[in-house]
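Please read them with the structure open.

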Amino acid sequence: MFDKLSSSLQKVFKNLRGYGKLSESNIQDALREVRMALLEADVHFQVAKDFVARVKEKCLGKEVLESITPGQQVIKIVNDELVALLGSNRKDFDLSGRPVGIMMLGLHGSGKTTSTGKLARRWKKDGKHVVLAACDIRRPAAVDQLRILAGQAGVDFVAPEPNESVPALGKRALSWASHIGADFIIYDTGGRFQLDTELVGELKELRDAARPRNVVLVLDAAIGQESVHVAETFHKEVGLTGLILTKLDGDARGGAALSVQSVTGCPILMTGVGERQEDFEPFYPERMASRILGMGDIVSLVEKAQQSIDIEEMARVEERLKKDTLDLEDFLIQLQQMKKLGPLENLLEMLPGGANVPAHAKAQLAGASGDTFKKSEAIIQSMTPRERRRPDIIDASRRRRIAQGSGTAVSDVNELLKNFERAKKMTQQLKKAQKRLLRFGK
Ligand code: GDP
Ligand code: MG
């Protein structure tokens, strides 16, 4: 989502690096471009103005002007200020008390219910006992939506009773959660398209009845400039302790992420990066800044891999690789593990310079990886166990049968087998190279 901002900033830096020495006017020019880039990314104008002023003050110091790597120094200053703008350190929910109360609020469609489910899933995975309270009582569909998410996450769920008011429901859910010794209770509330007095009144009543330590605004990053206004208003009316920023996977320009924390003083706790329940990430100001400046976010990438990939399964595949017995069964496992990492184009964003890959190339990668995964999986699943173990027996008539069984073309089956052979050969070559290196090292 920071593609445009990222590439504009990198262009500015590239120019700066070209100078052996920087003059005040070089810096002025560069900062003007930084400000333009921020505004184009929908960063609130006051935030952009203050940001540039702070950077400028630091850049005009002696250390930068007389440095032998002035460009590098400026980048460092921009990076540090960007981290500060995003909230400096990672902040977590207030986890004191039992059960820990979290009230979710926000405009209609911002992602409250989805994020409630995501939080439940996350804490449940940590072995916590979670209760969800469906406080969006006006729309029956909203209660059902949360019920389904609670079921999927395997957590407890409290539905409204007929004619029950929101604060009464909140209180009842809380006393039940306390009674059963739950660790967390999350209140999913209703939203409107705009913040009106009735909604504010209801949210305040619920807040006073349930007294959650966390009052969290769920904010759709795609609403751009408007997000600052929304966050300010909710904060003034209800009092927020933190933010969840959703739809960071979309083509929003990222201004919200860069503005809301500095305007409200509330930390961004989590980010929604897709519709799936696992598309949810803690917010790390430093990593986000690196991503924006095109330095990549390797730490998050590695963490994601660790969470999604079944280490034992991969170790087994590696063991078989060593013995040269790699077969299509292993190939399928590898493909499935890759798929768990999510769309390849999202991973690309975390690599240095990844945000600069042109959109059409990303789209191609997205289409190709999704379709190829699905096809490859279907093809291997249509093989008999013996065929998977001994791909060399797959002759023309077997290929036709497999293609038919998997709903693909014979050319797809050929392609997959070729890819498998290629992967096998490559690993053998790598192994040989490794052995040579080891011998060389002795
Ligand atoms: P609520 O009205 O605030 O409860 O919003 P919902 O949780 O019902 O979400 C509204 C829509 O936004 C649904 O279609 C969700 O799937 C979608 N959504 C929520 N979070 C994200 C996200 O992080 N990324 C994307 N792409 N969609 C999201
Ligand atoms: Mg909802």
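This is a predicted model: local features need pLDDT of at least 70, side-chain atom pairs count only at pLDDT 80 or more; totals for chains, interfaces and linings use all residues.

The points below go from the whole chain to one helix, then to salt bridges and cysteines.

1. The protein chain holds 20 helices and eight strands. It has 442 residues, and 47% of them are buried.

2. Contacts and surface. Take the contacts in the protein chain with a separation of 6 or more: 72% of them join residues 24 or more positions apart. The accessible surface of the chain is about 22300 Å². Carbon and sulfur atoms contribute 53% of that surface.

3. Helix H7, length. H7 covers residues 140–153, 14 residues in total. From first C-alpha to last, H7 reaches 20 Å, close to the 20 Å expected at 1.5 Å a residue.

4. Helix H7, buried face. Which residues of H7 are buried? They are Ala142, Val143, Leu146, Leu149, Ala150 and Ala153. Viewed down the axis of H7, these buried residues fall within an arc of 125°, so they line one face of the helix. The spacing follows a general rule. An α-helix has 3.6 residues a turn, so residues three or four places apart point the same way.

5. Helix H7, surroundings. What do the buried residues of H7 pack against? One partner is a helix, H6 (112–125). The others are strands: E2 (130–135), E3 (156–158) and E4 (184–189). On the other side of H7, the exposed residues are Pro140, Ala141, Ile148, Gly151 and Gln152. Just after H7 comes Gly154, with a positive phi of about 75°.

6. Salt bridge Glu81–Arg54. The structure has 23 salt bridges. In one of them, the side chains of Glu81 and Arg54 meet at 2.8 Å, N to O. Glu81 sits in helix H5 (residues 70–85) and Arg54 in helix H3 (residues 45–59), so the pair ties together parts 27 residues apart in sequence. Arg54, at 34% relative accessibility, counts as partly exposed. A network of salt bridges links Arg54, Lys58 and Glu81.

7. Salt bridge Asp412–Lys375. The side chains of Asp412 and Lys375 also form a salt bridge, at 3.5 Å, N to O. This pair links distant parts of the chain, 37 residues apart. Asp412 belongs to helix H20 (residues 410–441) and Lys375 to helix H17 (residues 359–381). Lys375 is partly exposed, with a relative accessible area of 39%.

8. Salt bridge Arg276–Glu278. Here the closest N and O atoms are 3.6 Å apart. Arg276 counts as partly exposed, at 35% relative accessibility. Glu278 is partly exposed too, with a relative accessible area of 40%.

9. Cysteines. How many disulfides does the whole structure hold? A search finds zero. Cys59 is buried, with a relative accessible area of 0%. Cys266 counts as buried as well, at 4% relative accessibility.

10. Where to look. On H7, start with the buried residues, including Leu146 and Leu149, then turn to the exposed side, with Ile148 among its residues. For the salt bridges, begin with the network of Arg54, Lys58 and Glu81. Then go to Asp412 in H20 and Lys375 in H17.

Methods. Residues are numbered from 1 along each chain as its sequence is written. Chains are lettered from A and ligands numbered from 1 in the order in which they are written. Side-chain values use heavy atoms; hydrogens and water are left out. Helices (H or I, at least four residues) and strands (E, at least two) are DSSP runs, numbered from the N terminus. The expected span of a helix is 1.5 Å times one less than its number of residues. Buried means under 20% relative accessible area, exposed over 50%, partly exposed in between (1.4 Å probe, protein chains only). The arc is that of the directions from the helix axis to the C-beta atoms. Contact means heavy atoms within 4.5 Å. Accessible areas come from the Shrake-Rupley method with a 1.4 Å probe; for residues, only the protein chains shown count as cover. A salt bridge is a side-chain nitrogen of Lys or Arg within 4 Å of a carboxyl oxygen of Asp or Glu. A disulfide is a pair of cysteine sulfur atoms within 2.5 Å.
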